Amino acid sequence: MIIGKRIFLREVEEADLDSIVKWRNDPEILRKLFSYLPLCKVKQRKWYEKYLDDDTQQIFIIEVKEQKTPIGTIGLTNIDYKNQRAELAIMIGEKDHWGRGLGEEALNLLVKFAFNEMNLRKIKALVFSDNDKAIKLYEECGFKEEGILREEIFKKGKFKDVVVMSLFRRNTHEKE
């Protein structure tokens with residue numbers, strides 16, 4: 001478990017699958033994800049079964065300490081230990097927790113863990129160019145834009161640009 005001031009990150013468990021399906025099927029959240037198909041519990045369970053044996057992913061549930069309630073997920077995918085890099089994935093699924101700084105706290109906890117415990121040197125984030133809130137969050141946590149993948153993802157009847165952002169361990173202020 002990774003403990004912060006207001007939240008902690010814990011390993012995703014089978015009991016979390018219903019919440020994840022609910023969050024990922026919310027139209028407002030789905031609009032910001034690269035996936036476009038509704039998600040059923042059977043597919044989520046199959047993902048989870050594969051995930052248990054997959055060392056290229058590390059996914060956490062974001063849980064509010066005082067309420068002991070899950071509010072979203074954060075993790076690293078496409079972990080490449082040889083080249084010491086991974087891709088970021090974050091989703092605050094409980095909308096009543098949006099705008100409270102919990103995503104920023106979760107992201108800072110994950111970054112510190114990735115650089116100091118997993119010995120990664122680079123974390124990459126891919127985000128739709130019109131997802132201003134996510135881009136602002138990444139920038140506040142030190143991520144810099146690397147470039148734009150033009151017309152990369154087909155979503156809602158049109159191709160959308162994707163911003164590539166990254167954070168290097170050497171650019172963080174963590175000393176621990």
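Select Ile3 first: its bridge partner in S2 is Phe8, and S1 and strand S2 (residues 7-11) pair in the antiparallel sense over 2 bridges, where pairing requires at least two bridges found by DSSP, and strands (E, at least two residues) and helices (H or I, at least four) are DSSP runs numbered from the N terminus. This is a predicted model, in which local features need pLDDT of at least 70 and side-chain atom pairs pLDDT 80 or more, whereas totals for chains, interfaces and linings use all residues. Residues are numbered from 1 along each chain as its sequence is written, and side-chain values use heavy atoms, without hydrogens and water.

Next, colour the strands: the open sheet has 8 of them, with mixed pairing, in the order S1-S2-S3-S4-S5-S6-S8-S7. Strand S1 (2-3) and strand S7 (144-155) each have a single partner strand, so one side of each edge strand lacks a neighbour in the sheet.

Then colour by pLDDT, the predictor's confidence in each residue from 0 to 100: the chain averages 93, and 98% of the residues score at least 70. Confidence is lowest in helix H2 (residues 27-30), at a mean of 90, and highest in strand S6 (residues 122-128), at 98.
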